[in-house]
Amino acid sequence: MRKRFPVAVALLAMAAVAGVAAGGSGEQGTAASPPGQAAREAPWNNPVIRQKPLSLAAQVGQRLFFDHNMSGSRKMSCATCHDPKFAYGPPNDLAAQPGGAALADRGVRAVPSLRYKDKTPPYSDLLDNPDAISVPGPGGGFDWDGRAADHAGQAEGPLLDPVEMANTSAAAVVAKVKAADYAPLFRQAFGDHAFDDTAAAFRDITAALQAFQLEDISFRPYNSKFDLYTSNKKGGELTVAELRGMKVFTDPDTGNCASCHYQGAGFRGSSALFTDFSYEAIGVPRNDAHATRPLANRNDIPANDKDAGRFDMGLCGPQRPDHALTEDGKPSRFCGMFKAPTLRNVALRQTFFHNGVIHSLEQAIRFYNTRDTNPELWYPTVGGKVLKPGDPGYDKDYPTYGLITVQYAKGTGKVQKYNDLPARYWGNIDTQMPLDGRPAGSKPPMSEQDVHDLICFLNTLTDDYRPDAPPTAAQKDCVR
């Protein structure tokens, strides 16, 4: 689905976003804190926003979120994969986190962040685009495929998934809460007879997790450098490199990130979420262990190794049964599509895309920039003649940022482009810049300066920014 995003409008929107970030909707109060942790302070750079006292339901949700007993192994909590220190995202570079009854299994998708989800609408095949320009299309929902309508629905999945928290049933989850030291708090929140009906009690458990995520401001602090900048606060001045990077972000002829990852002024008065909730198919490389990937870089999806014919089709399943693989005898237009996540705190992530095949922000940007111009860096080549140092044609300056670092003699072999999506669905692949399908060997849309500056700008989206703190190496590199 091609979208339009006028640069002037985008820049004006970014400069004007003050809404929630500047004024907030919080009140004076005491910050709630996870068990065993010191109470959090309100965002230091906005004295207006304070944590309201959590409701009883949210207090229950907080205890549930950090309770390792809520898993089959009793060693895994929600916070294990959604670590507050990593913007409620994964704390490591694993493509899929370990889980199961003995923490010996791994799932099939990367863990997304739980931050900035409070304005996510339920999934719709024809969701109105927040930019008020693009035509309606697939959007909304939780998880990579939007199958959960809200926080509560999302929480239900990991609790019962055999390769995640691995509880055997909803009744087993309820029994654990009933035996927990916070069971009296649960009854106080949901009634003296809250455990009498198992199905109702399980719904209350997921409702409590939802209440915690909606009420606790740590799930939406809006205190990044970008938020200081848009609310015209001291310390929010962007450097020359960061300003250039913002232009790359919005420019439809270079980065064009804003076409899917910006949503700001004009949409229900919300602040910038850096996602428009839309879905795209971009041909992310398959994440499996193959001979041409260096062993040091192998961080694969075990299910892909076990079954070469297994494909994660996003909106077409296997975890969503409502979109068939064919529609009216033709390949479904939904197959291969995954949700565009928020880019807030993207610089903290160590895994990218639904299958975690990419492991750094720079690598993710370079994939967008060179997927078409240099597909051999991202997809396996079959039948090619491998070059070794000293061979004619061997390039000592060959890029090392891709997934594939093996060189092949020119004119030999065939690159297996889009190797994680059956060919009959390639028509679903988005053709927006910078993934515009330009010929292999042509010039990438973004220059080296553009890539550098875009990384600088995206680093301004990291929460808990303190201008008085010593600059990091990355910040020093983004001055000019």
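Author: Glu362 and Arg366 form a salt bridge, with their closest N and O atoms 2.8 Å apart. A salt bridge here is a side-chain nitrogen of Lys or Arg within 4 Å of a carboxyl oxygen of Asp or Glu. The model is predicted, so local features need pLDDT of at least 70, side-chain atom pairs count only at pLDDT 80 or more, and totals for chains, interfaces and linings use all residues. Residues are numbered from 1 along each chain as its sequence is written, and side-chain values use heavy atoms, leaving out hydrogens and water.

Reader: What separates Glu362 and Arg366 in helix 13?

Author: Helices are DSSP runs (H or I, at least four residues), numbered from the N terminus. Both residues sit in helix 13, four residues apart. Their separation is therefore about one helical turn.

Reader: Is Arg366 buried or exposed?

Author: Buried means under 20% relative accessible area, exposed over 50%, and partly exposed in between (1.4 Å probe, protein chains only). Glu362 has 36%, so Glu362 is partly exposed. Arg366 has a relative accessible area of 8%, so Arg366 is buried.

Reader: How many residues apart in sequence are the parts that Arg286 and Asp420 tie together?

Author: Arg286 forms a salt bridge with Asp420, at 2.7 Å between the closest N and O atoms. Arg286 lies in the loop between strand 5 and helix 12, and Asp420 in the loop between strand 10 and helix 14. Strands are DSSP runs of E, at least two residues. The pair therefore ties together parts separated in sequence by 134 residues.

Reader: Which helix gives the most to the lining of the largest pocket?

Author: A pocket is an open set of points on a 1 Å grid over the protein atoms alone, where a 1.4 Å probe fits, with protein on both sides within 12 Å along at least five of seven lines; lining residues have an atom within 4 Å of a point. The lining holds 34 residues, with Asp143 and Arg147 among those nearest the centre. Seven lining residues come from the leading contributor, helix 5.
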